[in-house]
Amino acid sequence: MSLDANVPSGPMSEKWSRHQFEMKLVNPANKRKFTVIVVGTGLAGASASASLSELGYKVKTFCFQDSPRRAHSIAAQGGINAAKGYQNDGDSVRRLFYDTIKGGDFRSREANVYRLAELSVNIIDQCVAQGVPFAREYSGLLDNRSFGGAQVSRTFYARGQTGQQLLLGAYSALMKEVTNKGVELYPRREMLDLVVINGKARGIICRNLLTGKLERHVADAVVLATGGYANVFYLSTNAKGCNVTASWRAHKRGAYFANPCYTQIHPTCIPVHGDYQSKLTLMSESLRNDGRIWVPKKKGDVRPPNEIPEEERDYYLERKYPAFGNLVPRDVASRNAKEVCDSGRGVGSTGMAVYLDFRDSIKRVGKAVIEEKYGNLFQMYDKIVDQNPYERPMMIFPAVHYAMGGLWVDYNLMSNLPGLHVLGEANFSDHGANRLGASALMQGLADGYFVIPYTIGHYLASTKLETVGAAHPEFAAAEAQAAEMTNKLLNIKGKRTVDDFHRELGLLLWNKCGMARNDKGLKEALRQIPAIREEFWENVTVTGGAETLNQNLERAGRVADFLEFAETLVYDALKRTESCGGHFREESQTPEGEALRDDKNFCHVAAWEFKGAGKKPTLHKEPLEFEEVHLAQRSYK
Amino acid sequence: MAKTISVTLKVWRQKDAHAPGRLVTYQMNNIDIDMSFLEMLDIVNQGLELKGEDPIAFDHDCREGICGSCGSVVNGHAHGPEAETTLCQLHMRRFKNGDVIVIEPWRAEAFPVIKDLVVDRSAFDRIIAAGGFISVRTGSAPEAHSVPVPKENADLAMDAAQCIGCGACVAACPNASAMLFVSAKVSQFALLPQGQPERRSRVLKMVTQMDNEGFGNCSNHYECEAACPKGISVSNIARMNRDYLCAGLTSA
Ligand SMILES: Cc1cc2nc3c(=O)[nH]c(=O)nc-3n(C[C@H](O)[C@H](O)[C@H](O)COP(=O)(O)OP(=O)(O)OC[C@H]3O[C@@H](n4cnc5c(N)ncnc54)[C@H](O)[C@@H]3O)c2cc1C
Ligand code: FES
């Protein structure tokens, strides 16, 4: 079956404004009669909650952390894109749109991306007005830096803590609405199920993480802004709590999961160093503005980096991609790092690292300038690795970072389940098969501040919603199911820890479905995942009780979902026999080893329908049509 | 070969808010010194889980020193012995073989213990809700470049805005004062043109809420600055005090 994305008609640059006019409105007095649940307080969830409450809706907002300010968005480092064109360097809405489509390897929906580029400029205005202390020039005007996949400078930043500052801005707007009594806040809650009544999303079941009590929350519409699933790989740059639980359980209730195989591996992270390791740390892409990536020309060259003379260094990105140099998109940079390491030219104790060297820029602009731009990142590197990056090049290696895939949504950011809206990293919509740096923050805030306030009104105004209460049998059934899962987990009393299973799954995915994928490896993974899952349900140990703070139980529930989700991810990777962006099938590459798309067979979104754990999901295709840009083989040469 | 050490942990265990707590000893051998402090606690917990015992509860998320979730008092220091370092960024190479490491939760009346090392810091959210924002509605913002901000002010505002809300300042203060936290937010907005219209009412409301939450007074010990993993300066407290005085005078 073909999916309809409900893209408005008309020329690309007029679609959104026309749609805004054509959408139905809820009159101000009626807004307070509607309750909207927002799960998630990252950039997407916090901005949506604040904006919906300002409009007059009753909003209930949930997160699993103790405070909404701690959502994973807080960790974003490098910056946020916007087509302000302040640098006079040729930027425009159209160019940001084009760069994003091309960066995503022509696998995103044009109309969504165009709207994103248009809204990008409003985001910066909004954040500045909230008091976000973006970096400024001596003129007092905003400064910009460059990010991968672009030849203009359009990234706004707040030192190496852009996500923190943007989130604190959105969080302050959220807390303002708590005071105005528009938002009821529910921190330390984990959403365990979506409640669907008569085909519409009408509420959630969540666990109060302090008391263990299951709660029923009823609403007229549900918004999921629960972030990405990169932690399915166990080791990733994501915060430890990031999970697929909310999305997966909504998927099990009927929401389609789109393009799960599109995962982003970020080229510049601190390499893995021990088997006790609990997460990987990103070194922001912004470092590639001033750092040069290289490996020794000779295999097995173990000299300290500063003793390797210039002519014996291979600045392989600058050599292979002269037009973009170190600023090629992430998928290209990551694959090249893997390739040089696989060829025996990697550095460090494991040989699985490349250098990111600031020597030349320190010489050019001085240490003080580099420190002002990246000081906190250099300090973070020093703390973890115990080496001073001002004196010795950083060692970096790719790591799992971001999920382009997510729940399928239409142009209105509504899933195929009426009433269920999905924002931010949790949806699939804007980044195709590869996200450009500094575009996730942009998307999260565009979705939350500027899209959902309009589109949810249209849904509420044009839908007949029957009155339902928390006593509805569907609520009771969903709650009973959540309680049963908890009991089951607590009663296995097996011999392996939750983390042990999670690591095993993660390693399998990294090896078989990581930076390079092939038919044989993917089939092998599809054989192994069900076996790990079966063992999990027989042999995991989850201590403690249900009705108390139980972090072991929280992790167990998330890993149980990852163990189901992983199979869909790998299955999607197996079925997409082309390469595109971050999804690199070894069978499909150009003679130079670049990703080779198969537009004839795969110019579509793959949206999967759940058919039962361990059962093959059903594929629904949303064809991708390109009116504005010409489908082309990506080139960054 | 990785270098390893053995350490003795004494960890505060407390079943819930009402139960009495006590220090429980765990002997940890062969700890790789490149491990982070929280990874070391993960290993303790995995051992406990395998024995069917309740693992040590502690808050954490980003493990990069930015979310402000983690934090315990380690050998008397909030976030441990290393300056400008959150607990999640502390590495075992900062300890010596044979060390005894005492790990306790933040202690403050306004931060009641929930379980083990987990405390309730929602008072901070309520202080922000009282006034830690600029009341701009979505969509009503003027073009960003219509108001230039002198770079020095923007930089100072950013210095203050780096606060991660972890609560170490409160834990380190002999009076359990939250002045560093509150003043960082007050200062960020006081330094920016966008923050001016609500400058006075903001400081009054936030300070009132802070007092209502049961945080103590500042008596200039500066332990907060020393403990702050982000190096937030006590000069923010002086700025807040000035603003508070002015605001009090004009509103009286
Ligand atoms: C280290 C790092 C650096 C990055 N740097 C950049 C950058 O410089 N620029 C850029 O554009 N992007 C960057 N990104 C990506 C970007 O930060 C994220 O994609 C984005 O912040 C996601 O925002 P979100 O609002 O969708 O979700 P999140 O911020 O992940 O928030 C998810 C929310 O959902 C809640 N939640 C999740 N599951 C549940 C559940 N089951 N029940 C209840 N609540 C739940 C959480 O509590 C949280 O509040 C970076 C990512 C990482 C990991
Ligand atoms: S876990 Fe986020 S600051 Fe330590």
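A residue is called buried when its relative accessible area is under 20%, exposed when over 50%, and partly exposed in between, with a 1.4 Å probe and protein chains only. The model is predicted, and therefore local features need pLDDT of at least 70 and side-chain atom pairs count only at pLDDT 80 or more, whereas totals for chains, interfaces and linings use all residues. Residues are numbered from 1 along each chain as its sequence is written, chains are lettered from A and ligands numbered from 1 in the order in which they are written, and side-chain values use heavy atoms, with hydrogens and water left out.

Phe156(A) is buried, with a relative accessible area of 1%. This residue lies in strand β4 (residues 155-156) of chain A; helices (H or I, at least four residues) and strands (E, at least two) are DSSP runs, numbered from the N terminus. Contact is taken as heavy atoms within 4.5 Å. Apart from neighbours within four places in sequence, the residues in contact with Phe156(A) include Gly78(A), Ile80(A), Tyr86(A), Phe134(A), Leu142(A) and Thr162(A). Leu142(A) is 14 residues from Phe156(A) in sequence, and the two C-alpha atoms are 7.5 Å apart in space.

Aromatic pairs were counted next. Rings of Phe, Tyr and Trp (its six-membered ring) pair if their centres lie within 6.5 Å; planes under 30 degrees apart count as stacked, over 60 as edge-to-face and the rest as tilted. By this rule there are 29 aromatic pairs over all chains. In one of them, Trp16(A) with Tyr454(A), the ring centres are 5.8 Å apart and the planes stand at 80 degrees, so the pair is edge-to-face. Because Trp16(A) lies in helix α1 (residues 12-22) of chain A and Tyr454(A) in helix α12 (residues 440-462) of chain A, the pair ties together parts that are 438 residues apart in sequence. Trp16(A) is buried, at a relative accessible area of 5%, whereas Tyr454(A) is partly exposed, at 37% relative accessibility. Ring pairs also link Tyr229(A), Trp248(A), Phe257(A), Phe565(A) and Phe610(A) into a cluster.

Charges placed over rings form another group of side-chain features. A charge sits over a ring if NZ of Lys or CZ of Arg is within 6 Å of the ring centre and within 35 degrees of the ring normal. The ring of Trp16(A) has the charged end of Arg115(A) over it, 4.8 Å from the ring centre. Over the ring of Tyr138(A) sits the charged end of Lys151(B), 5.4 Å from the centre.

Strand pairing was assigned where DSSP finds at least two bridges between two strands. In chain A, an open sheet of three strands has the order β6-β7-β8, with antiparallel pairing. β6 (189-197) and β8 (214-218) of chain A each have a single partner strand and stand at the edges, so one side of each is left without a neighbour in the sheet. Strand β7 (residues 200-208) of chain A pairs with β8(A) in the antiparallel sense over five bridges. Within β8(A), Val218(A) is the residue opposite Gly203(A).

Chain B contains eight helices and seven strands. Its C-alpha atoms fill a box of roughly 60 × 40 × 35 Å along the principal axes, and 59% of its 252 residues count as buried. Helix α5 (residues 179-190) of chain B is mostly covered, with 12 of its 12 residues buried.

Strand β5 (residues 100-104) of chain B has a covered face, made up of Ile101(B) and Ile103(B), and an uncovered one with Val100(B), Val102(B) and Glu104(B). Four bridges join β5(B) to strand β1 (residues 4-13) of chain B, and these strands run parallel. Lys10(B) stands opposite Val102(B) in β5(B). β5(B) is also joined to β3(B), by two bridges, and these strands run antiparallel. Here Glu104(B) in β5(B) is the bridge partner of Val73(B).

Most residues other than glycine have a negative phi. Asn259(A), which is not a glycine, has a positive phi of about 45 degrees. Asn259(A) lies in the loop between β10 (257-258) and β11 (263-269) of chain A and is buried, with a relative accessible area of 2%. Asn75(B) likewise has a positive phi, near 45 degrees. Asn75(B) is found in the loop between β3 (73-74) and β4 (77-78) of chain B and counts as partly exposed, at 37% relative accessibility.
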